[in-house]
Structure formats: structure tokens, C-alpha cells
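Let's take a friendly walk through this structure, starting with its charged side chains and then turning to the sheet and the rings. Please keep the model open beside you as you read.

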Amino acid sequence: SDIRIMGYVINAQGNSNVLHNPQHATRYTEVNLKDIRKVMYLESSDARYGFRLEFETDKDAGTLKRYSLATISLNGTMIRKEYGGFVISGLTKDNVIDQKEGTAESFPRKYRTISEVTSDDIFTYVTLTDCEFVFKDGAYTNILENYARPNPDNSQYKPNSYMDTWQTLLCDSNATPFYIVINSR
């Protein structure tokens, strides 16, 4: 039988914050940014579960619009547990059964302190409360700028394009530390 899931689309197509971008070249000098447009995220309508949706093409992924409530058929797809969450690959536009337009206010919000975050929050939209960046090295992104991806905001640096993310330390009001991946784009 046809298995379907329903949830809110929480990212915009092409957003460079898609967990990671594979580095396929030798010596990590080339980050593959082509797959960004094929990845979308869906949060269940009760905000309990999140799904990383990997489409076959960027045109297929473009079927989903941010904040919409979408129904997805899982026929012909592969589901795997990865990164602590569910990844669904092999999706095409035909897997998008229904979609109702929404706004940022139309989907359920999850507010957590760092100590409250669990593996159930993977691939969901979570607002962290009562926390701050630890500026131990003085820079907002808290990275060695040579590792940042080139963009207009860091044009004064000479990035080497070795990576596109870096772990940054956050701390909440209870002094609970949390490393989060910051995308330098």
C-alpha cells in the first residue's frame, strides 16, 4: 500500500544550510555545492519528527515551497536512519501528492534550551532559547577565516575553500555547552 507522510517544508530550495555538502575532490579543495538544490527538509505536522528529503533533481525538489504543508508518498523511495534522523532518498516531483501554501507562522514552533535538545529534534525547526555564541576567538563565526567559503561578506579574506562549515560553541544560561555547525555562507 502507499505509505504517506505529511509535514511542513522548513527550508527554501537552494539554502546553503543543508547539513553538509560533500567534498569529493582530493585534498578537500572542492566542496560539492550542486546537491544543495536537491535537498529539502520536512517537519511532521506535530513537530515531533524531521525528515531530510533527497530529490533526484533540483527541478523535482523545487516542487516543494517553504512553509507549505505537504503530503509525500514514499513509494519508490529509500528510507534510512542517518545523522540521528530519517533520510528519504529517490524522491521525484511525483512523490509530492498534495501541498497547501503556508507562512512562517503556520507551522508549529519548538523552543528548547540546549539541555532540552534531543535526537528527536534532528531535521526539525528548533528555536534555541537563553543561549549565546561563545566568542573565544573574537569572530562571529568563530572559525579561522581561511576555512570560510568565499562570499561578499568575507571578501577581504583569502578563503581556501577546504570546507563549508565549522563547529561553533554555544552556551545556554545553565552553562550547558553545545557545538553547532555554522555554515560560513
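## A linked set of charges

Arg 52 and Glu 54 join their side chains in a salt bridge, with N and O 2.9 Å apart. Arg 52 is buried, and Glu 54 is too. Please bear in mind that this is a predicted model.

Glu 54 has another partner: Arg 80 forms a salt bridge with Glu 54, and their closest N and O atoms are 3.2 Å apart. This pair links distant parts of the chain, since Arg 80 belongs to strand E5 and Glu 54 to strand E3 (residues 50-55), 26 residues apart. How exposed are the two partners? Glu 54, at a relative accessible area of 18%, is buried. Put together, Arg 52, Glu 54, Arg 80 and Glu 82 are linked in a network of salt bridges.

## Another salt bridge to look at

How many salt bridges does a search of the whole structure find? The search finds eight. One of them joins Lys 110 and Asp 121, with the closest N and O atoms 2.7 Å apart. This pair, too, links distant parts of the chain: Lys 110 is in strand E8 (residues 110-112), while Asp 121 is in the loop between E8 and strand E9 (126-128), eleven residues apart. Both Lys 110 and Asp 121 are buried.

## The seven-stranded sheet

Now for the sheet. Seven strands make up an open sheet with mixed pairing, in the order E5-E6-E3-E2-E1-E4-E7. Its edges are strand E5 (78-82) and strand E7 (96-100), each of which pairs on one side only. From one strand to the next, the twist averages 35 degrees.

E1 (residues 4-9) runs antiparallel to strand E4 (residues 69-73), and five bridges connect them. Here Ile 5 stands opposite Ile 72 in E4, and Arg 4 stands opposite Ser 73 in E4. E1 also pairs with strand E2 (residues 39-44), again in the antiparallel sense, over three bridges. In that pairing, Gly 7 stands opposite Ser 44 in E2.

## Aromatic rings

The count of aromatic pairs comes to five. In one of them, the ring centres of Tyr 41 and Phe 123 are 5.4 Å apart and the planes meet at 40 degrees, so the pair is tilted. Tyr 41 lies in strand E2 and Phe 123 in the loop between E8 and E9, so this pair ties together parts that are 82 residues apart in sequence. Tyr 41 is buried, and so is Phe 123.

The rings of Tyr 67 and Phe 107 are stacked, because their planes are at 20 degrees, with centres 5.7 Å apart. Tyr 67 sits in the loop between helix H1 (58-61) and E4, and Phe 107 in the loop between E7 and E8, 40 residues apart. Tyr 8, Tyr 67, Phe 107 and Tyr 125 form one aromatic cluster. Phe 107 counts as buried, at 3% relative accessibility, and the charged end of Arg 109 sits over its ring, 4.8 Å from the centre. Elsewhere, the charged end of Lys 81 sits over the ring of Phe 86, 4.5 Å from the ring's centre.

## How confident is the prediction?

The protein chain averages a pLDDT of 81, and 70% of the residues score at least 70. Confidence is highest in E4, at 97, and lowest in strand E12 (residues 177-183), at a mean of 76. Where pLDDT is low, the predicted coordinates should not be read in detail.

Terms used. Residues are numbered from 1 along each chain as its sequence is written. This is a predicted model: local features need pLDDT of at least 70, side-chain atom pairs count only at pLDDT 80 or more; totals for chains, interfaces and linings use all residues. Side-chain values use heavy atoms; hydrogens and water are left out. Two strands pair if DSSP finds at least two bridges between them. Helices (H or I, at least four residues) and strands (E, at least two) are DSSP runs, numbered from the N terminus. Axes are lines fitted to C-alpha atoms, for helices over the stretch in contact, and angles run from 0 to 180 degrees between N-to-C directions. pLDDT is the predictor's confidence in each residue, from 0 to 100. A salt bridge is a side-chain nitrogen of Lys or Arg within 4 Å of a carboxyl oxygen of Asp or Glu. Buried means under 20% relative accessible area, exposed over 50%, partly exposed in between (1.4 Å probe, protein chains only). Rings of Phe, Tyr and Trp (its six-membered ring) pair if their centres lie within 6.5 Å; planes under 30 degrees apart count as stacked, over 60 as edge-to-face and the rest as tilted. A charge sits over a ring if NZ of Lys or CZ of Arg is within 6 Å of the ring centre and within 35 degrees of the ring normal.
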